[in-house]
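Have your viewer open and your selection tool ready. We will walk from one stop to the next, and at each one you will hear what to select and what is there.

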Amino acid sequence: MTSNTKKVCAISYGCQMSARDAETLTAVALQNDYVRTNLPEEADLIIVNTCCVRESAENKIIGKIGQLKKLKEQKPSLIIAVAGCMVQQPGILEKLQKKAPHIDIWTGTFDYSKFEQLLKSSLNGQKVCMVSPEAYECNEVVPLAEKGKLSAFVNIMYGCENYCAYCIVPYVRGRERSRPKEVILEEIKQLVQAGCREVTLLGQNVNSYGLKDGFGYDFSDLLQEVDNLQGLVRVRFMTSHPKDLSDKLITTLAQGKHLCEHFHLPLQAGSNRILEAMNRKYTREYYLERVERILQDIPQARLTTDLIVGFPGETEEDFELTLDMVRRVPYTQAFTFMYSPRSGTAAATMSDQVPLDVKKLRLQKLMELQNARSLAWRKNMLGQEYEILVEGPSKSDPEQLTGRTRGNEIVVFKGTDDMVGKLITVKITSANSWTLFGELSSQ
Ligand code: SAH
Ligand code: SF4
């Protein structure tokens, strides 16, 4: 490799969809003779893929974009591209452009198929901006698998039209549209050929896959076909909207070979009044019934969730009902957020916004409860054996390896390099709230 090889560095914020988009953009750069680097300082192209789901993410990103100015001053040939949800948000682009004249490429969530063209214009010295207001037909970039990557995200659908009152996603990712199963299966086959062993099927609400597009097959049917593909050892999916979680899906998972028994089932809030105001379209009773059904059919299933505190109008009693749900449902992990008003969403203009100090206190209480429950859950796993897919050296201790159980729990253990990419059995020996530690099983 010569020293003048161009390098691309992707910096991604937000959800798995966003991470997958950053991969797509990176793949376009790789096709155009760039090689990957994790270090922005040595890059010739930096792609910042943005998120706007909460204000905290936006502030972080604005800070990062500001910092990159220095690198651009040091290396004027550096190209900086800013992409994704934040750019797509109505009214935000103009403000960002004013603040950051050092950015070369601005591109929204519907324009990834044009990224190669944008990159070429930029290499010719032009500043470019392409932000289409909505998805046009055929906006798919043929995805490129990173060779040898063990685990990959695969989009099965784009957009969302559930319009939960707090959420900006439908405004920046467009209407819900599913990809036909042939395209998905072909993409996965290519991934497997390149060394992939685990896929995570992504959608804002995978449980409504194919329904609006009238495909004649649903998410469970798709899962069964993915399960039958040769070479894959694990299949995951997210996110499951509780309102559309069918018995058929539970049965499909119970009977699957490689389908991991992990449901990420965002509850958001425990009070029916708040759930209604959020436009979630289920009640706490319905949610509990779904959980009961899952655990009845798949006793080893793992449940994780997302929770929001401080939605407009949330009283202390409402919040107590969220805590109550956390005590009732055996979540192994919960992602907890303070409600963040997003301009243009229904909740942003609701009266009774909850003060920040109240939100902070509630968040702290909720996290303490869930952390204690997560730890107790992990302690229960002590002494038991689990099959894990070995991913590689542990980040915290490179002398050890790390892998995940079917339930998506991380296990750190001592092993040998030849185990990477394989399924092995480990016995859990100790645990903290986030990680399990184990040793190789004797058989
Ligand atoms: N489609 C997924 C969620 C996508 S956003 C679903 O329906 O579950 C990921 C999470 O961010 C949400 O589940 C929610 O808990 C949180 N979130 C979204 N908008 C938010 C906001 N305005 N303030 C705080 N948290 C928010
Ligand atoms: Fe947002 Fe609701 Fe759609 Fe999830 S289902 S992306 S929370 S609007």
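## First stop: Glu261

Select Glu261, which counts as buried because its relative accessibility is 10%; buried means under 20% relative accessible area, exposed over 50% and partly exposed in between, with a 1.4 Å probe and protein chains only. Before going on, note that this is a predicted model, in which local features need pLDDT of at least 70 and side-chain atom pairs count only at pLDDT 80 or more, while totals for chains, interfaces and linings use all residues. Residues are numbered from 1 along each chain as its sequence is written, chains are lettered from A and ligands numbered from 1 in the order in which they are written, and side-chain values use heavy atoms, with hydrogens and water left out.

Glu261 sits in the loop between helix 9 (247–255) and strand 12 (262–264). Helices (H or I, at least four residues) and strands (E, at least two) are DSSP runs, numbered from the N terminus.

Which residues is Glu261 in contact with, leaving aside its neighbours within four places in sequence? They are Leu253, Ile298, Gln300, Ala301, Arg302 and Arg406, where contact means heavy atoms within 4.5 Å.

## Second stop: the domains

Colour the protein chain by domain: domain 1 (6–130), domain 2 (143–260), domain 3 (285–378) and domain 4 (385–440). These bounds come from an automatic or database domain assignment. The C-alpha centres of domain 1 and domain 3 are 33 Å apart, and six residues of domain 1 are in contact with four residues of domain 3.

Select ligand 1 and show the residues around it. Of the 15 there, Gln204, Pro266, Gln268, Asp306 and Ser340 come nearest; a residue is near a molecule or strand if one of its heavy atoms lies within 4 Å of it. Domain 2 and domain 3 each give at least three residues to this shell, and strand 13 (302–309) and strand 14 (331–338) each supply at least two. By class, the shell has seven nonpolar, four polar and four charged residues. Ala, Val, Leu, Ile, Met, Phe, Trp, Tyr, Cys and Pro count as nonpolar, Asp, Glu, Lys and Arg as charged, and the others, Gly among them, as polar.

Zoom in on the atoms. A polar side-chain atom of Gln204 lies 2.8 Å from a nitrogen atom of ligand 1, and a backbone N or O atom of Tyr166 lies 3.0 Å from a nitrogen atom of the ligand. A polar side-chain atom of Arg280 lies 3.4 Å from an oxygen atom of ligand 1. Taken alone, ligand 1 exposes 540 Å², and the protein buries 91% of that; accessible areas come from the Shrake-Rupley method with a 1.4 Å probe, and for residues only the protein chains shown count as cover.

Stay with Gln268 for a moment. This residue is in the loop between strand 12 and helix 10 (272–277), and is buried, with a relative accessible area of 7%. Gln268 has a positive phi of about 75° although it is not a glycine. Most residues other than glycine have a negative phi.

Move to ligand 2. Around it are Cys160, Asn162, Tyr163, Cys164, Tyr166, Cys167, Val169, Pro170, Gln204, His241 and Arg280. This shell holds seven nonpolar, three polar and one charged residues.

Is Glu176 buried or exposed? Glu176 counts as buried, at 4% relative accessibility. Its place is in the loop between helix 6 (169–173) and strand 9 (177–178), and a polar contact of 3.0 Å joins its side chain to that of Ser208.

Next, select Gly310, in the loop between strand 13 and helix 12 (316–328). Gly310 is buried, with a relative accessible area of 0%. Not counting residues up to four places away in sequence, Gly310 touches Tyr339, Val354 and Lys359.

## Last stop: Met238 and Thr239

Finish at the peptide bond from Met238 to Thr239, which is cis, with omega near 10°. Thr239 is in the loop between strand 11 (234–238) and helix 9.

Terms used: Polar contact = N/O pair within 3.5 Å; in protein donor to acceptor, adjacent residues only side chain to side chain.
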